[in-house]
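Take a walk through this protein model. Keep the sequence and the 3D view side by side as you read.

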Amino acid sequence: MPEGQRRERKKKKSSSWVIKIILWTFMISIFMSVVSNRVLGEASLPVALVILLLFIGIGILFDIVGMSVASASEAPFHSMAARKVAAASQAIALVRNAEKVSNFCNDVVGDICGIVSGSTGAVIASEIARGDAGTIGIVSGVLMTALIAALTVGGKACGKTFATKNSNEIIYTVARVICFFKRPFQKKRG
């Protein structure tokens, strides 16, 4: 294939990926916002705090996966695939598509969780300050923002260290989870 055609094909694939990632971001954002608003509308303060921690945790978890896939090595998974180890082929696919997987995990899910946790924190702060627009309202908003930022940044910092030291194990675990959820949708051969 001539170089010009190769570049054109790569450019189309890149454009297609951008459109897909925009659509995924839009759909996941809607889903998480609807769930968050629905649950927070009827939740007590302790439940709202648990939901906030859940969003922060999901963001950290996906950041770990995104970092792991970017630093994982493909070679051990080829060895596993040769021995017909379950999920090894899925792990190879993840590593080969590291740029896209990392983009999805870090930028799509991670950023959405950051935005949703921020809005969840705002709801919690307004609930704490209900009826007091003065000092308590301002202090609760500032403290909630600082808490969310500290937990998110601190969690992601710890997660990055863990991810780089255990990247292949993490990717293999992710591959096994993906295979588990794909299994019901695959046609049986026979």
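What follows covers charged pairs and one glycine.

This is a predicted model, in which local features need pLDDT of at least 70, side-chain atom pairs count only at pLDDT 80 or more, and totals for chains, interfaces and linings use all residues. Residues are numbered from 1 along each chain as its sequence is written, and side-chain values use heavy atoms, with hydrogens and water left out.

Start with charge. Side chains of opposite charge can pair when their charged atoms come close. A salt bridge here means a side-chain nitrogen of Lys or Arg within 4 Å of a carboxyl oxygen of Asp or Glu. The whole structure holds 2 salt bridges.

One joins Lys160 to Asp63, with N and O 2.6 Å apart. This pair links distant parts of the chain: Lys160 sits in helix α6 (residues 135–165) and Asp63 in helix α2 (residues 45–71), 97 residues apart. Helices are DSSP runs of H or I, at least four residues, numbered from the N terminus. Asp63 is buried at 5% relative accessible area. Buried means under 20%, exposed over 50%, and partly exposed in between, with a 1.4 Å probe and protein chains only. Lys160 is partly exposed at 33%.

Glu74 and Arg96 also form a salt bridge, their closest N and O atoms 2.8 Å apart. Glu74 lies in the loop between α2 and α3 and Arg96 in helix α4 (residues 88–96), so the pair ties together parts 22 residues apart in sequence. Glu74 is partly exposed at 23%, while Arg96 is exposed at 56%.

Now turn to Gly114, in helix α5 (residues 98–128). Gly114 is partly exposed, because its relative accessibility is 36%. The C-alpha atoms of Gly114 and Gly59 are 6.9 Å apart, though 55 residues separate the two along the chain.

Technical notes. Helices (H or I, at least four residues) and strands (E, at least two) are DSSP runs, numbered from the N terminus.
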